[in-house]
Amino acid sequence: DGGVLSIMVGGVKRQAPASKLGQQFCFQPPAAAVGLVPIQVEVLVPAAAPQALLASSTQERFLVDFGKGMKVALTHRPAEAAAKKADGADAAGPGTEKPQAHLARKAAAYLEEHDLVRTFQELLRGLLAARP
């Protein structure tokens, strides 16, 4: 329960909930793939039970203890501070934007458009399961 089926054909990786095991899972190899293509199939399962926290909006740092020596330190930044930092507002005045902030905004839009945030989260979860 909570596992992820991960299939990599060539350099393209697709993932789906492990609950789809036993069902048809269609995956088309990349168009550039000709002849023998390496295929890697994994079932990634959680290394620890999910932890639920209540974070105060004033608390900046907290520790999540998954047990068995597996701990994750998280830093929480209030939404206003995160938005201000993402805007890239400069001391030069309002409305000016640093090039890094512009690139960061474009990258964030790309990640959301292609649903890569969830994919990276699942990859990290898999890494934690494989190498706690």
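Which element gives the most to the lining of the second largest pocket? Helix α3 does, with four residues.

## The model and its ground rules

This is a predicted model, where local features need pLDDT of at least 70, side-chain atom pairs count only at pLDDT 80 or more, and totals for chains, interfaces and linings use all residues. Residues are numbered from 1 along each chain as its sequence is written, and side-chain values use heavy atoms, with hydrogens and water left out.

## Overall layout

The chain has three helices and five strands, in the order β-β-β-β-β-α-α-α from the N terminus. Helices (H or I, at least four residues) and strands (E, at least two) are DSSP runs, numbered from the N terminus.

Of the 132 residues, 14% count as buried, meaning under 20% relative accessible area, with exposed over 50% and partly exposed in between (1.4 Å probe, protein chains only). The chain exposes about 10,300 Å², and carbon and sulfur atoms supply 58% of that area; accessible areas come from the Shrake-Rupley method with a 1.4 Å probe, and for residues only the protein chains shown count as cover. Among contacts (heavy atoms within 4.5 Å) between residues at least 6 apart in sequence, 36% join residues at least 24 apart.

Strands β4 and β5 run antiparallel and are joined by six bridges; two strands pair if DSSP finds at least two bridges between them. Val-64 has Val-72 in β5 as its bridge partner. Two residues lie between the strands of this hairpin, where Lys-68 takes a positive phi near 55°.

## The two pockets

Now for the open spaces. On a 1 Å grid over the protein atoms alone, a pocket is an open set of points with protein on both sides within 12 Å along at least five of seven lines, while a cavity is a set where a 1.4 Å probe fits but cannot get out; lining residues have an atom within 4 Å of a point. Grid points are joined across faces, edges and corners, and a volume is the space filled by probe spheres set on the points.

The largest pocket has a volume of about 460 Å³. It is lined by 17 residues, and Ala-48, Pro-50, Phe-66, Arg-125 and Leu-128 are the closest to its centre. β4 (61-67), β5 (70-75) and α3 each give two or more residues to this lining, with α3 giving the most, five. By class, the lining has 14 nonpolar, two polar and one charged residue. Here Ala, Val, Leu, Ile, Met, Phe, Trp, Tyr, Cys and Pro count as nonpolar, Asp, Glu, Lys and Arg as charged, and the others, Gly among them, as polar.

The second largest pocket holds about 240 Å³ of space. Of its 10 lining residues, Lys-13, Arg-14, Gln-15, Leu-116 and Thr-119 lie nearest the centre. β2 (12-17) and α3 each supply at least two of the lining residues, and the classes are two nonpolar, three polar and five charged.

Helix α3 (residues 116-130) provides the largest share, four residues.

Pro-46 is partly exposed, with a relative accessible area of 37%. Its C-alpha atom is separated by 9.1 Å from that of Ala-130, which is 84 residues away along the chain.
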